[in-house]
Each structure stands twice: as C-alpha cells, then as structure tokens.
Amino acid sequence: MKPKRHIDINCPKIFMGLWKENCRFKVLYGGRGSGKTHQVAEYLIVKSLLNKEKVLCTREIQRSIKESVHAVLVSKINSLGLDKYFTVTENKITNVSGSEFIFAGLRMNIDSIKSIEGITKCWVEEAQSVSRKSLDILRPTIRAKNSEIIITFNPERDEDPVWQDFIVNTSEHLWIQKVNYIDNPFFPADLEKERAECEKRNPDDYKWIWLGNLRKISDAQIFKNIFEVKEFETPSSARFYHGADWGYAEDPTTLIRCFIEDGCLYIDKECYEKHVELDDLPRFFSRIETANRWPVYGDAARPDIIKYLRRRGYNIRKCDKWQGSVEQGISYIRNFYKVYIHPDCINTINEFERYSWKQDRNTNEILPVPVDKDNHCIDALRYALTKKIKKNIF
C-alpha cells in the first residue's frame, strides 16, 4: 500500500517552524495545554509517511512504554485517519514507508542508544529532566545526514541543562518557540476551568505551570533549602527504610527507599505509577530489589492491600497514624542536616520542590497547614520513617 502524498493537517502558525528544512534543533517550551506534544507527534507522523525515517522518542527515565509518547502517537495516527498505513506493537510503531518509531529512556539505555544507526529524528520529551550527561551523549549520537533533534519541555530551573543549552546559550541551526495555552486554538474546555482555578489560587504556580516561566521558589515551599539533588553511591552497609502510598483514581502508587547517614537523609530509589492494579503490585514492588527482604510500611488506609502483599511474601506492615502525624513527619524530615535525593528519583524531586504550606487567599499569609497535594512520594517517605518519627530518633 502506497502512503498518501498529501495529508490534511491543521497546524497553527506558531508551530510552522517545525516544518523548517535544514534545522538541526527544534525547541518548543512553555506551559501546560499549549499543544506542543500533539503538534510534534503530528509532524513526526506525517514526515514518517513522506520519507523513510528512524524516529527515537526518548526522555530521561522511561521504565515502561506507558511513560513514553507511544500512546500519543497512536492516538494521533487514528485521529488523522492514517491507521491503515501503520503497524502498532506494544513497543514499536512502523509504517508502509519503512519508517519506525522506537522508545527508550536515556539514563538507563544511553549505551544502547549510542549503538543505534541511522536515527533521523529524535524527540526528547519532558527535556527539563534530562541530565547533563545524557544530553552531552545524545547530541553527537544523532548524526545521520539532515537529522533533527526536537525538544519539548516545561521549564523548571535556571540550572537545568536544556535551559542553559538552548535558551540561555542559543546557537545556529536552531528554531526555538515558546508556546502557551493562549497559542493553542484546540485548548480543551475542561482544562480552562483548571487553569482559571490555578490562576486564582496560586499566582506563582500559575506562572510556572500555565505560562511556562521558570519555577519561583516561594517562602511557602515546605522543604525550601532543605534538600539537594545529588548523585551518590549507596553504601552496601546501608540500613534501608521503605514506604508505600497507594494510588486511587489519578493519584499514583508510590514506593520509596531511603537510608540515614551522618545526620543526613538519602533517598535513592523510587517507584511511581498511576493505575496500578492489585495483581500488579508485586511487579511494581520488584523494581526496588530490597523491598522483598526489608520491612516496608504502607498506608494503613488500605489493609486489604497490605494483607495481599503479605500473602505474597512481602514483609509489609501498616504505618502508624496519629493526630498531627503529618506535621510531625514534616518537622522530622526538615530537621536532618540535609536531604539528598538521587537524580533518578524525578517524582520525589518534583514533590520536594512543590510541596507547600497553605496561604491565606486574602492576605497571602503562610499558614502552618500543608496543602494535600504533590505529596505521594513524601507520604511514602513519612511511612518509611514512621517508627523513627514517632520516637523522634535520628
């Protein structure tokens, strides 16, 4: 079957730079709801039918295909009415032009990615999380003639490598475009309510989440100046603490591993996934190899889950909860000399940056009440340390 030579698309003017020829780097950044992910997906799908392309879709950490843009690409193929030209498998997408889409995380697969020949298009999604090491290795790896590296991200910190390399220090052969929800003619109505609520509730978060500005460190940030993202080696003699928080609806299931050394708290492993079914929990727990040997403390709100995992050999117990246990747990964590979080623990890092005290809407006064949001990894961390928190033992 021959592919179409003409495909009808509806590309807003602000995204037309994606179609520039002889442009090595194409960078789209901005806030939520801008449509940049869908526009890049559409561009790559159309290009892959018009030419034979080898497309690498990557991000810093991809533990499963669910964490990739695979589903976005499949949805876009179907919405464009091009499904008869594509073959979709669990881990790959190919089409009648001989093009293929492959999916891999940078941190765990960088050596195998280096050995892949002939990559013509590389899409780096959520690039704000890409490490300096990964970015420096990836750039020369994509070396086919007229190859492109397409980068999409929501800005986070000024020191992020992608911000420094493409925004602060721009170069030739680069097209860069900031896009926000206001630039997206297809901005969904259900997101408009969420956007308006965020703008009213927290103007600083709004500027970061919806307007694509760098994140502002607020005085309301609970762990401000308490933690540091740092690579470290876990000692073989470490005494591990594990904690688990159970997901519900859109809330993720989380599993955290940490240890204490010289008055500092080290978080070296995390699991974070939405929609984990009960039967899938042993597979989820197996990602942290020590979770089947060391004690794990889980949220006491789901004794059925704890019983299920105990029947499958996990030494899991319900955590203690008492009046003021959340606030006491926060105080305990804040009293370490430093909290070090390994760069692999992306979701834990994000929560430590976002977890905040409530603020009075009228006066902006910071209140001693934590917002019950951005705290799934942090809750798991508190559960892991519950015995020490209760007795205030460091």
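Visitor: How many salt bridges does the count come to in this structure?

Guide: Side chains of opposite charge can pair when their charged atoms come close. In this predicted model, the count comes to 31 salt bridges.

Visitor: Which side chain does glutamate 42 meet in a salt bridge, and which parts does the pair tie together?

Guide: The partner of glutamate 42 is lysine 76, with an N to O distance of 3.9 Å. Because glutamate 42 belongs to helix α1 (residues 36-50) and lysine 76 to helix α2 (residues 70-79), the pair ties together parts that are 34 residues apart in sequence. Glutamate 42 and lysine 76 are both buried.

Visitor: Where does arginine 107 lie, and where glutamate 60?

Guide: These two residues form a salt bridge in which the closest N and O atoms of arginine 107 and glutamate 60 are 2.9 Å apart. Arginine 107 lies in helix α3 (residues 106-114), whereas glutamate 60 is in the loop between β2 (54-59) and α2, so the pair ties together parts that are 47 residues apart in sequence. Arginine 107 is buried, as is glutamate 60.

Visitor: With which residue does glutamate 273 form a salt bridge, and is lysine 66 buried or exposed?

Guide: Glutamate 273 forms a salt bridge with lysine 66, their closest N and O atoms being 3.9 Å apart. This pair links distant parts of the chain, since glutamate 273 is in strand β12 (residues 264-273) and lysine 66 in the loop between β2 and α2, 207 residues apart. Glutamate 273 has 8% relative accessibility and therefore counts as buried, whereas lysine 66, with a relative accessible area of 61%, is exposed.

Visitor: Which residues are linked with Lys66 and Glu273 in a network of salt bridges?

Guide: The network links Lys66 and Glu273 with Asp280, Arg283 and Arg287.

Note on methods:
Residues are numbered from 1 along each chain as its sequence is written. This is a predicted model: local features need pLDDT of at least 70, side-chain atom pairs count only at pLDDT 80 or more; totals for chains, interfaces and linings use all residues. Side-chain values use heavy atoms; hydrogens and water are left out. A salt bridge is a side-chain nitrogen of Lys or Arg within 4 Å of a carboxyl oxygen of Asp or Glu. Helices (H or I, at least four residues) and strands (E, at least two) are DSSP runs, numbered from the N terminus. Buried means under 20% relative accessible area, exposed over 50%, partly exposed in between (1.4 Å probe, protein chains only).
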